[in-house]
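Biologist: Could we go through this structure together, step by step? I am new to this, so please show me how you reach each answer.

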Amino acid sequence: MHTDLASHLHTPACNKLIEELQACHENNAFAKFVGVCNSIDDKVVKCLKGERIARSAANRAKARESQAKYKEKLLQQEGN
């Protein structure tokens with residue numbers, strides 16, 4: 001199971017892979033159940049994981065920056 005595959009949520013590279021997977025599923029209505037599309041699905045999963053890791057790293061960096069600003073304000077208030 002994948003996360004939401006809406007195109008506005010993903011990079012162009014992942015969107016291309018998602019489109020390939022959807023086309024494979026459409027063209028192989030029954031064969032998709034025996035693994036015909038698995039190689040493309042594996043690429044999609046890898047791409048989505050890369051996006052998730054990048055997104056969480058950016059969120060972590062933003063949180064550290066926010067915490068640093070908060071601590072700086074706190075120290076300034078204690079100094080006054």
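Predicted model: local features only at pLDDT ≥ 70, side-chain atom pairs only at ≥ 80, totals over all residues.

Biologist: Is Lys-62 buried or exposed?

Modeller: Lys-62 sits in helix α2. A residue has to be over 50% relative accessible area to count as exposed. Lys-62 has 63% relative accessibility, so the word for Lys-62 is exposed.

Biologist: How far apart in space are Lys-62 and Lys-46, C-alpha to C-alpha?

Modeller: Let's start with the sequence, where Lys-62 and Lys-46 are 16 residues apart. In space, their C-alpha atoms are separated by 24 Å.

Biologist: Which residue forms a salt bridge with Lys-69?

Modeller: In general, side chains of opposite charge can pair when their charged atoms come close. The structure holds one salt bridge. Its two partners both lie in helix α2, four residues apart, which is about one turn of the helix. The closest N and O atoms are 3.6 Å apart, and the partner of Lys-69 is Glu-65.

Biologist: Is Glu-65 buried, exposed or partly exposed?

Modeller: Buried means under 20% relative accessible area and exposed means over 50%, with partly exposed in between. Lys-69, at 52%, counts as exposed. Glu-65 has a relative accessible area of 48%, so Glu-65 is partly exposed.

Biologist: Which side chain makes a polar contact with the side chain of His-10, at 2.6 Å?

Modeller: His-10 is in the segment before α1. With a relative accessible area of 13%, His-10 is buried. Its side chain also reaches the backbone oxygen of Asp-4 at 2.7 Å. The side chain that makes the 2.6 Å polar contact with His-10 is that of Glu-51.

Biologist: And which side chain makes a polar contact with the side chain of His-2?

Modeller: His-2 is also placed in the segment before α1, and at 26% relative accessibility His-2 counts as partly exposed. Leaving out residues up to four places away in sequence, His-2 touches Leu-21, Asp-41, Val-44, Val-45 and Leu-48. The polar contact, at 2.6 Å, is with the side chain of Asp-41.

Biologist: What is the accessible area of the nonpolar surface patch that includes Phe-30?

Modeller: Phe-30 is in the loop between α1 and α2. At 71% relative accessibility, Phe-30 counts as exposed. Phe-30 forms a nonpolar patch on the surface with Phe-33, Val-34 and Val-36, and together they have an accessible area of about 520 Å².

Biologist: What distance separates the C-alpha atoms of Gln-77 and Leu-17?

Modeller: Gln-77 is found in helix α2 and counts as exposed, at 59% relative accessibility. Gln-77 and Leu-17 are 60 residues apart along the chain, and their C-alpha atoms are separated by 52 Å.

Definitions and conventions
Residues numbered from 1 in each chain as written. Heavy atoms only, no water. Patch = residues over 30% accessible without salt bridge, like charges linked within 9 Å, V, L, I, M, F, W, Y side chains within 5 Å. Areas by Shrake-Rupley, 256 points an atom, 1.4 Å probe, with all protein chains shown as cover. Salt bridge = Lys/Arg side-chain N within 4 Å of Asp/Glu carboxyl O. Helix = DSSP H or I, 4+ residues; strand = E, 2+ residues; numbered from the N terminus. Buried < 20%, exposed > 50% of the residue type's maximum accessible area, 1.4 Å probe, protein only. Polar contact = N/O pair within 3.5 Å; in protein donor to acceptor, adjacent residues only side chain to side chain. Contact = heavy atoms within 4.5 Å.
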